[in-house]
Amino acid sequence: MADKCTSEMRKMPGGFQFISIQANGQVKDRATRRRARSHAVKTALGKRRKEQQLARTNFIVKTVEDPHLHLKIDNSAGTAKPCTVHDAGLSAPLHSPVSGALDPFQTLAVDSSRLQALLDDYRARQAPEPVFSVAEELAFQNFRSVFRTGFHDPALINAVMLAFAFAVTSGNLNPECLRYQSQAVAYIRQRMDSEDEAASEATIGAILLIAGVAGRLGQTTQVELHMGAVQQLLSVCQRKSIHLTAGIKRAIFWQDLNCSLLAGSKRIVNHATFATLFWARDTFVPDNYRLPLGFESQRYILDPEFSAVLEDLHALQCIRNLPRPPHADAIGMLHINNHTASIQSRLMIFSSLSPVQECCRLAAYLCSITLCCKIWCELVLPSHISSQLLFKVQEMCKDGATAIRDCFDLLVWLLYIGGAFAPVGLARDRYLDLLLAICPDLSWPELHAYLRRYIWSDDAFLVPVSALWREVVHYPSR
């Protein structure tokens with residue numbers, strides 16, 4: 001009977017919804033009529049969204065820093081019309097290495113407008129290295145390739161903000177930095193209670209960024225505490241067979257190495273720990289792996305293992321001297337990165353070297369940083385190594401080492417390589433004093449000939465070294 005029909009609603013595979021009605025064709029009650037209208041509206045909206053998706057008109061391109069649509073005047077019609085990002089002349093590129101990670105819906109754990117402001121500050125662009133990079137030259141180590149995620153992880157985004165803000169303050173922990181640091185540490189501590197939640201690229205990356213700040217500040221104990229936590233998470237990942245990206249493994253290696261150099265912390269990994277950093281000599285160019293003439297003449301004072309590293313560094317110099325393509329080649333940069341990693345990791349292992357070899361080790365490390373990656377030249381590492389080299393050279397000259405007295409050109413190379421990357425200030429003045437005392441009257445052709453007997457590249461070193469030579473030649477006290 002019609003009056004015994006219920007008002008039950010049922011969904012069918014095709015998307016239709018059947019509603020029981022009375023025998024006279026009228027819908028039984030108001031609630032059922034509302035359901036019917038609601039279903040019709042949802043069906044229409046769903047169809048419209050599908051059509052927009054197919055036509056790719058369901059999103060509007062807008063920038064994070066400017067929530068309003070730019071307008072420009074159409075002179076021909078005398079009316080305003082929307083303009084594109086390129087028409088607006090915005091300074092931020094539309095497809096930057098981290099643009100895809102930003103959340104335009106303001107759901108981040110930090111102020112996204114502040115994040116954008118920091119990204120636009122040139123001082124912050126080297127801040128996250130070596131964990132990830134925003135530079136095109138190091139695109140193989142961008143945010144996405146390292147973390148496989150966006151900026152939504154609260155521990156990671158606070159650590160990123162700490163690294164950016166710390167760089168903008170020129171290495172000072174201001175209240176903003178301390179706020180990001182405390183928030184990142186709080187999230188990490190909460191996460192470390194669960195192995196499954198903690199063992200991820202985001203957590204490891206957050207710890208690495210915090211460790212990098214501690215390394216810049218020379219806080220050895222703090223660096224070792226943070227890197228110990230990374231080592232613990234690596235063990236968890238290995239035990240649970242959790243796959244980590246090649247980028248995060250590379251980040252662990254470089255942050256561990258750089259912090260060891262800056263703060264003297266114990267290393268947890270080396271160049272042989274991760275397969276992604278594997279490097280071997282290129283058998284097709286065996287002549288590149290040799291000692292430069294200056295070191296060859298001093299081979300008798302060099303340990304065999306140290307000589308092998310210098311040979312590999314000479315090969316890196318040969319790569320630097322090759323014509324470079326206008327756009328960075330990711331595969332080539334990865335190979336150079338692994339080559340450099342092998343050199344620097346082995347240089348950090350040497351201990352109990354003679355004073356002359358210790359000076360050569362520091363100069364070689366400085367060359368390995370500045371030869372092939374212009375981004376790293378702007379980091380704190382070159383100036384730090386330059387200061388260490390100055391101290392060792394001063395000690396060696398004071399003790400009157402026979403080897404250095406017998407090799408004038410080696411001393412000239414050490415002083416010019418070290419002084420060229422010394423920042424303006426006391427360290428650079430001390431280099432100038434030594435150069436004025438040892439070789440004040442060298443002409444540029446004479447100096448250039450001396451330098452080319454060791455590790456040298458015109459492309460990498462000519463500008464900073466020639467600037468230092470001009471300072472010596474035109475020193476006011478002469």
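1. Let's start in the middle. The largest nonpolar core has 134 residues, and Phe295, Trp413 and Tyr416 have the most contacts inside it. Here a nonpolar core is a set of buried Ala, Val, Leu, Ile, Met, Phe, Trp, Tyr and Cys residues joined through side-chain atoms within 4.5 Å. Helix H5 (residues 154-168) gives the largest share of this core, 13 residues. At least three core residues come from each of domain 1 (105-274) and domain 2 (286-474); those domain bounds come from an automatic or database domain assignment. As background, nonpolar side chains tend to be buried together in soluble globular proteins.

2. A word on what you're looking at. This is a predicted model, where local features need pLDDT of at least 70 and side-chain atom pairs count only at pLDDT 80 or more, while totals for chains, interfaces and linings use all residues. Residues are numbered from 1 along each chain as its sequence is written, and side-chain values use heavy atoms, with hydrogens and water left out.

3. Now the overall picture. The protein chain comes to 20 helices and 4 strands; these are DSSP runs numbered from the N terminus (helices are H or I, at least four residues; strands are E, at least two). Of its 478 residues, 47% are buried. Buried means under 20% relative accessible area, exposed means over 50%, and partly exposed is in between (1.4 Å probe, protein chains only). Among contacts between residues at least 6 apart in sequence, 68% join residues at least 24 apart. A contact means heavy atoms within 4.5 Å.

4. Back to Tyr416. Which residues does Tyr416 touch, not counting residues up to four places away in sequence? They are Leu435, Cys439, Leu447, Leu451, Val465, Leu468, Trp469 and Val472.

5. Have a look at Ser386 too, in helix H15 (residues 381-399). Ser386 counts as buried because its relative accessibility is 0%. Leaving aside neighbours within four places in sequence, Ser386 is in contact with Gly418, Phe421, Ala422 and Tyr431.

6. Val236 sits in helix H9 and counts as buried, at 4% relative accessibility.

7. How many disulfides does the structure hold? The count is 0. A disulfide here is a pair of cysteine sulfur atoms within 2.5 Å. Take Cys359: the closest cysteine sulfur, in Cys360, is 6.9 Å from its own sulfur, so that is too far for a bond. Cys359 is buried at 0% relative accessibility, and Cys360 is buried with a relative accessible area of 1%.

8. Two backbone spots deserve a glance. Arg148 has a positive phi of about 55° although it is not a glycine, and it lies in the loop between helix H4 (143-147) and H5. Ser241 has a positive phi of about 55° as well, and is not a glycine either. Ser241 is in the loop between helix H9 (220-239) and helix H10 (246-263), and it is exposed, with a relative accessible area of 68%.

9. Finally, the second largest pocket holds about 520 Å³ of space. Of its 25 lining residues, the closest to its centre are Gln126, Ala127, Arg216, Leu379 and Val380. H5, helix H8 (201-216) and H10 each supply at least two lining residues. On a 1 Å grid over the protein atoms alone, a pocket is an open set of points where a 1.4 Å probe fits, with protein on both sides within 12 Å along at least five of seven lines; lining residues have an atom within 4 Å of a point. Points are joined across faces, edges and corners, and the volume is the space filled by probe spheres set on them.
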